[in-house]
Amino acid sequence: MSGPPSPPRRVFLLSPARCDGVRMSMLRRAAARFPLALELRSGPGAAVGDVFTFTSGLYFRGKLTYARTFGACRVITPGAGLVEPERRITPRDLDAWARVRVDLADRRYRRPLERDAAALAERWPESEVVLLGSIASDKYVELLLDVFADRLLFPVDFVGRGDMSRGGLLLRSARAGTELAYGPVRGAVRHGPRPPRLPRLARPPTAKAG
């Protein structure tokens with residue numbers, strides 16, 4: 001018999017998408033008939049990774065693609081702590097999350113995040129933890145530092161970039177199969193000059209109809 005699976009070398013934590021924005025309203029419309037909206041309203045619901053990718057666009061798609069390429073990943077959520085991107089959610093979940101402030105002063109957000117981060121640290125004590133999100137944000141950084149200390153890393157090329165630039169950078173790296181360089185969050189420079197604009201990301205080739 002085989003033993004338990006080896007712990008991942010790295011675990012990526014993906015910063016959350018908004019649950020009360022314009023794109024989320026489009027997804028939640030009762031009249032919406034596109035596939036993801038119908039899936040969300042189905043019995044099992046839709047994967048949180050797909051929902052956040054729709055509502056956040058390039059940035060979340062880049063984070064999710066990159067994390068799945070190079071390690072295990074968890075998504076920071078408003079009110080449900082850390083969840084796997086495959087977890088199914090329904091409109092009822094989104095209603096509850098939309099009422100929670102992504103703010104450590106809100107116990108409905110802080111306590112589940114604290115609980116799940118501590119459980120992750122205990123489950124995989126040797127794994128590096130890489131935050132794919134803004135290290136300048138006070139919405140999760142200090143809490144994660146309290147739990148993971150010097151194990152908490154981030155892509156150093158994120159400094160100075162906006163969300164869209166980060167998303168493009170992550171997609172390029174995933175497609176090339178090349179990980180970015182990481183540095184510790186503790187003591188890092190959290191703001192920096194904006195780097196040069198990335199060249200336009202080419203669309204992947206599509207197969208021709210037979």
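Visitor: What do S3 and S4 form, and which residue in the turn has a positive phi?

Guide: S3 and S4 form a hairpin, with three residues between them. Glycine 79 sits in the turn and has a positive phi of about 100 degrees. Keep in mind that this is a predicted model.

Visitor: How do you know that S3 and S4 pair?

Guide: Three bridges join S3 to S4. Pairing needs at least two bridges, so the two strands count as paired. They run antiparallel.

Visitor: What makes S1 and S3 a pair?

Guide: Four bridges join them, and the cut-off is at least two, so they pair. These strands run parallel. Leucine 13 has arginine 74 in S3 as its bridge partner.

Visitor: Which strands make up the sheet, and in what order?

Guide: The order is S4-S3-S1-S6-S7-S8, six strands in an open sheet. The pairing is mixed. Neighbouring strands are turned by 35 degrees against each other on average, direction ignored.

Visitor: Why are S4 and S8 called edge strands?

Guide: Strand S4 (81-83) and strand S8 (182-184) each pair on one side only.

Visitor: How many bridges join S6 to S7?

Guide: Two bridges join S6, residues 128-132, to S7, residues 152-155. The cut-off is at least two, so this counts as a pair. The strands run parallel. Valine 129 has leucine 152 in S7 as its bridge partner.

Visitor: Why is S3 described as largely enclosed?

Guide: Six of the six residues of S3 are buried, so the rest of the structure largely encloses this strand. Ala72, Arg74 and Ile76 point one way. Cys73, Val75 and Thr77 point the other way. In a regular strand, side chains alternate between the two faces of the sheet.

Visitor: Which helix lies across S1, S3 and S4?

Guide: Helix H6, residues 107-123, lies across them. H6 runs at about 55 degrees to S4.

Visitor: Which residues touch the most other members of the largest nonpolar core?

Guide: They are Phe12, Leu14, Val51, Phe52 and Leu132, in a core of 36 residues. Helix H4 (residues 58-70) gives the most to this core, with six residues. Apart from it lies another core, of 25 residues, among them Leu13, Ala117, Leu131 and Ile135.

Visitor: What is phenylalanine 52 in contact with, leaving aside its neighbours within four places in sequence?

Guide: Its contacts include Pro16, Phe60, Val75, Ile76 and Trp97.

Visitor: Why does threonine 55 count as buried?

Guide: Its relative accessibility is 14%. Buried means under 20%, so threonine 55 qualifies. This residue is found in helix H3 (residues 48-56).

Visitor: Is alanine 149 buried, partly exposed or exposed?

Guide: Alanine 149 has 30% relative accessibility. That value lies between the cut-offs of 20% and 50%, so alanine 149 counts as partly exposed. Its place is in the loop between helix H7 (141-148) and S7.

Visitor: What phi does alanine 149 have?

Guide: Alanine 149 has a positive phi of about 55 degrees, although it is not a glycine. Most residues other than glycine have a negative phi.

Note on methods: Residues are numbered from 1 along each chain as its sequence is written. This is a predicted model: local features need pLDDT of at least 70, side-chain atom pairs count only at pLDDT 80 or more; totals for chains, interfaces and linings use all residues. Side-chain values use heavy atoms; hydrogens and water are left out. Axes are lines fitted to C-alpha atoms, for helices over the stretch in contact, and angles run from 0 to 180 degrees between N-to-C directions. Contact means heavy atoms within 4.5 Å. A nonpolar core is a set of buried Ala, Val, Leu, Ile, Met, Phe, Trp, Tyr and Cys residues joined through side-chain atoms within 4.5 Å. Buried means under 20% relative accessible area, exposed over 50%, partly exposed in between (1.4 Å probe, protein chains only).
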